[in-house]
Amino acid sequence: MLSELSYSRTGGGEPLVLIHGIGHRWQAWEPVIERLSEHYDVIAIDLPGFGQSPPLSAAGVPTQMENVIAAIAENFEAWGIERPHVVGNSLGGAIALYLGDQGLARSVVALSPAGFFRLAGKAQAMAALIVLKLATYSPDPVLRLVSRSSIGRRLSGYLLYAHPDRYDIERTFGDSSALKRGKAFWPTFFQAARFRYRGGVRVPTTIAWGTKDRLLNPRQAVRARHELPTATHVPLPGAGHVPMGDCPEEIARIIEETTARGDEAAGSVPFSHSA
C-alpha cells in the first residue's frame, strides 16, 4: 500500500469520505461529523503527510496528485468500501473532483476546491499559505499562548474561517501544530504552484464557495462554473475558506442532497435521511 491513512470512522449507512485541505487534518470536519454520522458511515481522513498519516515519501513515492489519489483508492479497498460519496475542502476539494472524474466516487461535494485560480489568485493563495505556515514555526509554548487569547484565535483563523472565534483553545493549538508538523506541506505547496484542475464531471457534483473566502477568492467560483457547467454551483453566504464551522447545517444539507442524487444516478435506493 502506498500509504496507510489515519482516519476517524463513525456512524452507519452509505460510506461518506471527508478530505481536508493542505496543512489541515481530519478534525477540520468535526463541526459536521456528528450530524452526518446519523445517516452515513463517515470516514474523515488525514491526507498523506498530514495529521497522523505518514507521507508518501516514507514509501519512496513522490508527493503528487495522482499518487495521493491512488493512495486514497487503495485505502477505500482496505476499508471495505467501493465508490463512496466524497466531500473535500480546498486541496481536498480538488482531490474529490478527481475521484469523481475517475469513477472512484458515487457523488462529489467540493468546498472551495483548489485548481480554478488565475495567476493573481494563485499568488494571493500562496502568499497566504506561506504566512500561515511560517507563523506555526513559533515554539509550541508560544503557539499555545496565542491559542489561549481570543484575539490570537481570531488572528490565527482569519484567513480560513469567517468565525474563528467559534474554535476553542485546544482546537486552535491542534490545528497550528498539525500545520507546523505536516511533512507533506512544502512538497504539496510547490506542486500547487503548477496545479490546475483539468478533469471533468462524471457523477453528481456540487461545488460550493464561501462568499468570505480569504484564501481562494470567491471570483474563482465563477471560473469553476464556466469550466464545469454540469456541476451544481452554490454560494455559501458569509462563510470562509473552511466553511464547515461557519455554516455546518448548510454544509450537511448540501451533502445530503448531493448524495441522494448520486445514489439515484448509480441506480440504487437513496439512503433515507428521515430515520
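Buried here means under 20% relative accessible area, exposed over 50%, and partly exposed in between, using a 1.4 Å probe and protein chains only. The model is predicted, so local features need pLDDT of at least 70 and side-chain atom pairs count only at pLDDT 80 or more, while totals for chains, interfaces and linings use all residues. Residues are numbered from 1 along each chain as its sequence is written, and side-chain values use heavy atoms, leaving out hydrogens and water.

**View A. Strand 3, covered on both faces.** Six of the six residues in strand 3 (residues 40-45) are buried. Tyr-40, Val-42 and Ala-44 sit on one side, with Asp-41, Ile-43 and Ile-45 on the other. Strands (E, at least two residues) and helices (H or I, at least four) are DSSP runs, numbered from the N terminus.

**View B. The neighbours of strand 3.** Two strands pair if DSSP finds at least two bridges between them. Strand 1 (residues 7-11) runs antiparallel to strand 3 over five bridges, and Arg-9 has Ile-43 as its bridge partner. Strand 2 (residues 14-19) pairs with strand 3 in the parallel sense, over six bridges; here Glu-14 stands opposite Tyr-40.

**View C. Helix 5 meets helix 6.** Helix 5 (residues 140-148) and helix 6 (residues 150-157) pack at about 105 degrees, their axes 5 Å apart. Axes are lines fitted to C-alpha atoms, for helices over the stretch in contact, and angles run from 0 to 180 degrees between N-to-C directions. In contact (heavy atoms within 4.5 Å) are Val-146, Ser-147 and Arg-148 of helix 5 with Ser-150, Gly-152, Arg-153 and Ser-156 of helix 6.
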